[in-house]
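I opened a new notebook page for this structure. My notes follow in the order I looked things up.

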Amino acid sequence: KEEFVTCGGVKLSEIDANTMQSKLHKGLYFAGEIMDIDGITGGYNFQAAWTTGFIAGKHALTDSINP
């Protein structure tokens with residue numbers, strides 16, 4: 001069985017987990033494998049990408065409408 005592992009990326013301590021917004025640069029949002037989450041690719045990384053993408057998109061839209 002072949003597996004791929006992802007690692008590295010933006011430190012989680014630099015991201016607000018409630019909004020996925022950068023703590024260092026307002027208006028910059030992160031999702032998926034750009035963040036420093038290590039793991040075997042497959043189901044869990046897809047779920048993390050979908051979930052963080054939803055959260056980031058929701059807050060990016062809200063913040064752009066109500067700055």
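How many aromatic pairs does the structure hold? I found 1 aromatic pair. The rings of phenylalanine 46 and tryptophan 50 have centres 5.9 Å apart and planes at 25°, so I logged the pair as stacked. My rule: rings of Phe, Tyr and Trp (its six-membered ring) pair if their centres lie within 6.5 Å, and planes under 30 degrees apart count as stacked, over 60 as edge-to-face and the rest as tilted.

A note on the source. This is a predicted model, where local features need pLDDT of at least 70 and side-chain atom pairs count only at pLDDT 80 or more, while totals for chains, interfaces and linings use all residues. Residues are numbered from 1 along each chain as its sequence is written, and side-chain values use heavy atoms, with hydrogens and water left out.

**Helix α1**

I placed both ring residues next. Phenylalanine 46 and tryptophan 50 sit in helix α1 (residues 43-65), 4 residues apart, about one turn of the helix. Helices (H or I, at least four residues) and strands (E, at least two) are DSSP runs, numbered from the N terminus. Phenylalanine 46 is partly exposed at 46% relative accessible area, and tryptophan 50 is exposed at 58%. Here buried means under 20%, exposed over 50%, and partly exposed in between (1.4 Å probe, protein chains only).

I then checked the span of α1. Its 23 residues reach 33 Å from first C-alpha to last, close to the 33 Å expected at 1.5 Å a residue. The expected span is 1.5 Å times one less than the number of residues.

Which residues of α1 are buried? I listed Asn45, Thr52 and Ala56. These buried residues pack against β4 (39-40).

**The core**

Alanine 56 came up again. The largest nonpolar core has 7 residues: Val10, Ile15, Met20, Tyr29, Phe30, Met35 and Ala56. Such a core is a set of buried Ala, Val, Leu, Ile, Met, Phe, Trp, Tyr and Cys residues joined through side-chain atoms within 4.5 Å. Leaving out residues up to four places away in sequence, alanine 56 touches Thr19, Met20, Tyr29 and Phe30. Contact means heavy atoms within 4.5 Å.

**Methionine 20**

I followed methionine 20 into the loop between β2 (15-16) and β3. Methionine 20 is buried, at 6% relative accessibility. Its phi is positive, about 70°, although it is not a glycine. Most residues other than glycine have a negative phi.

**Serine 22**

Last, I looked at serine 22 in strand β3 (residues 21-22). Serine 22 is buried at 9% relative accessible area. Beyond four places in sequence, serine 22 touches Glu14, Leu28 and Phe30.
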